[in-house]
Amino acid sequence: MSEMTSVKKSIICAVCIALCYILPLFFHGIQNAGSIFCPMHIPVFICGLVCGWQYGLLCGISGPAISSALSGMPPVALLPSMMAELAVYGVITGILMKKIRTGSVYADLYISLTIAIIAGRVIAGLTRAFIFTKGSYSLAMWIGGYVVTSWPGTLIQFVFIPTIIFALMRAHLIPERYQRRDSAVQAGK
Amino acid sequence: MDRGMTGKYVPGETLLHRMDERAKLLAFLIMICAVIFTDSPAGYAVMFVFMAALGKAAGLSVNSVLSSVRRLGPFLILIFVMNSLFYTSEDPIWHFLIFSLSREGMIQGANVVLRIALVIVMSGILTRTTSPMELMSAIESLLHPLRYIGLPAEEIAMILSIAIQFIPTILEESDEIRKAQIARGARFESGKLRERAMALLPMIVPIFISSFKRADELAEAMEARGYRGAKNRTAKEKKKIDLRSVVMLLVCACVCAVQIVI
């Protein structure tokens with residue numbers, strides 16, 4: 001994932017920002033779907049993992065802003081804490097994907113995702129507790145909103161994000177993270 | 001042929017074509033605010049009359065203005081139906097099993113659909129009367145202050161303008177993927193919350209693959225034409241915003257103010 005040019009990374013980031021608006025549209029008809037299934041998180045994670053932290057940060061900030069402007073979701077009142085949460089997702093996945101190299105793509109992806117999901121939710125809770133809804137936010141509300149309500153979304157992220165990354169690698173739309181054994185053997189011959 | 005025309009720049013010499021691109025983008029942002037505040041029949045009537053006037057000023061036919069909305073018709077109907085049938089209301093008009101038709105649900109569905117339609121029409125008018133280069137330059141101008149804190153305003157402008165231009169294309173492809181899933185037996189409009197959500201999940205991977213294919217093609221085309229990042233680009237000298245554009249901005253601000261008052 002380090003062979004991509006900055007032009008391609010920029011275009012992929014643009015596509016992920018567009019998907020931050022489009023994916024949640026499909027879930028709008030289902031009551032409370034945004035907070036349960038978290039569809040907007042997926043493009044931000046993908047952008048951070050594929051393009052790096054700078055692009056993940058831009059996607060995390062501008063994705064919800066564009067979606068809020070065009071469809072009214074997330075509502076303006078929730079927008080700042082959501083932008084902070086998604087920006088953390090994009091930055092952390094980007095940094096960890098660059099630093100962690102275990103030799104297994106699955107291990108790299110799951111370690112980066114797990115740390116980013118925890119960090120993003122903690123930061124979102126902290127920004128709500130100390131900045132955006134100061135004095136009216138509690139630990140119970142954080143656990144209810146970011147852990148209990150959104151567990152299906154977390155499960156979807158753990159299942160779908162590695163699947164999407166592998167599908168993109170297999171379609172040669174993003175470079176392989178590690179050289180495959182069979183292609184390494186062929187190159188050796 | 002018409003498919004490729006969605007949001008594509010159409011060269012011309014109309015009032016909107018000659019308007020300053022920065023003013024056009026600012027007007028677009030003001031009008032998005034107006035759409036957010038619109039929630040009454042009178043408000044929607046004002047918005048549609050204004051959109052018709054803008055379409056006329058841009059020299060666009062009603063057909064071409066509405067083509068993107070018409071293409072997304074099934075998707076918009078789906079949003080309306082889902083909102084109407086699954087909105088939790090204390091006073092439903094009709095109730096059967098999990099379905100609950102309510103006035104509030106229909107109003108909510110109509111609001112979402114009309115807002116999406118208005119934004120699609122507005123972005124269609126903007127992209128048809130503003131070339132991609134002008135649009136990028138306008139976003140770059142609005143982001144100019146970011147340069148003073150060391151952020152790459154040109155790169156960010158390029159990414160945001162491409163993101164906005166990608167929205168109608170990816171929406172259309174997503175709708176095609178949705179239809180393909182329906183043909184395979186997916187049920188998006190019925191079943192419990194879990195079942196409807198599960199029906200949507202198989203769409204996620206194909207949407208990403210088709211979007212990344214688009215991204216790959218565009219990146220290759222840009223690199224083949226020698227694009228090496230927004231930093232290395234030269235820009236034409238910026239002109240001052242003319243009186244006509246200022247008047248247009250004021251008119252849009254008035255429409256937004258009317259929506260807030262209504």
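This is a predicted model: local features need pLDDT of at least 70, side-chain atom pairs count only at pLDDT 80 or more; totals for chains, interfaces and linings use all residues.
Residues are numbered from 1 along each chain as its sequence is written, chains are lettered from A and ligands numbered from 1 in the order in which they are written, and side-chain values use heavy atoms, with hydrogens and water left out.

**View 1. Overall composition of chain A.** Chain A contains nine helices and zero strands, where helices (H or I, at least four residues) and strands (E, at least two) are DSSP runs numbered from the N terminus. Along the sequence the pattern is α-α-α-α-α-α-α-α-α. Of the 189 residues in chain A, 57% are buried; buried means under 20% relative accessible area, exposed over 50%, and partly exposed in between (1.4 Å probe, protein chains only). Contact means heavy atoms within 4.5 Å. Among contacts in chain A between residues at least 6 apart in sequence, 71% join residues at least 24 apart. Chain A exposes about 8,000 Å², of which carbon and sulfur atoms supply 68%; accessible areas come from the Shrake-Rupley method with a 1.4 Å probe, and for residues only the protein chains shown count as cover.

**View 2. Packing of helices α3 and α6 in chain A.** Helix α3 (residues 41-51) and helix α6 (residues 105-132) of chain A pack at an angle of about 125 degrees, with their axes 12 Å apart. Axes are lines fitted to C-alpha atoms, for helices over the stretch in contact, and angles run from 0 to 180 degrees between N-to-C directions. α3(A) and α6(A) are therefore oblique to each other; angles under 35 degrees count as roughly parallel, over 145 as roughly antiparallel, 65 to 115 as roughly perpendicular and the rest as oblique. On the side of α3(A), the contact is made by His41(A), Phe45(A) and Leu49(A). On the side of α6(A), it is made by Leu109(A), Ser112(A), Leu113(A), Ala116(A), Ile117(A) and Arg121(A). By class, this contact of α3(A) with α6(A) has six nonpolar, two polar and one charged residues. Ala, Val, Leu, Ile, Met, Phe, Trp, Tyr, Cys and Pro count as nonpolar, Asp, Glu, Lys and Arg as charged, and the others, Gly among them, as polar.

**View 3. Surroundings of Pro175(A).** Pro175(A) is found in the loop between α8 (151-170) and α9 (181-188) of chain A. Pro175(A) is buried, with a relative accessible area of 14%. Although Pro175(A) and Glu3(A) are 172 residues apart in sequence, their C-alpha atoms are 6.6 Å apart in space.

View 4. Helix α4 (residues 62-71) and helix α5 (residues 73-86) of chain B pack at an angle of about 55 degrees, with their axes 5 Å apart. α4(B) and α5(B) are therefore oblique to each other. Val69(B), Arg70(B) and Arg71(B) in α4(B) meet Gly73(B), Pro74(B) and Leu76(B) in α5(B). The residues of this contact divide into three nonpolar, one polar and two charged. Val69(B) is buried, with a relative accessible area of 15%. Leaving aside neighbours within four places in sequence, Val69(B) is in contact with Leu76(B), Ala117(B), Ile120(B) and Val121(B).
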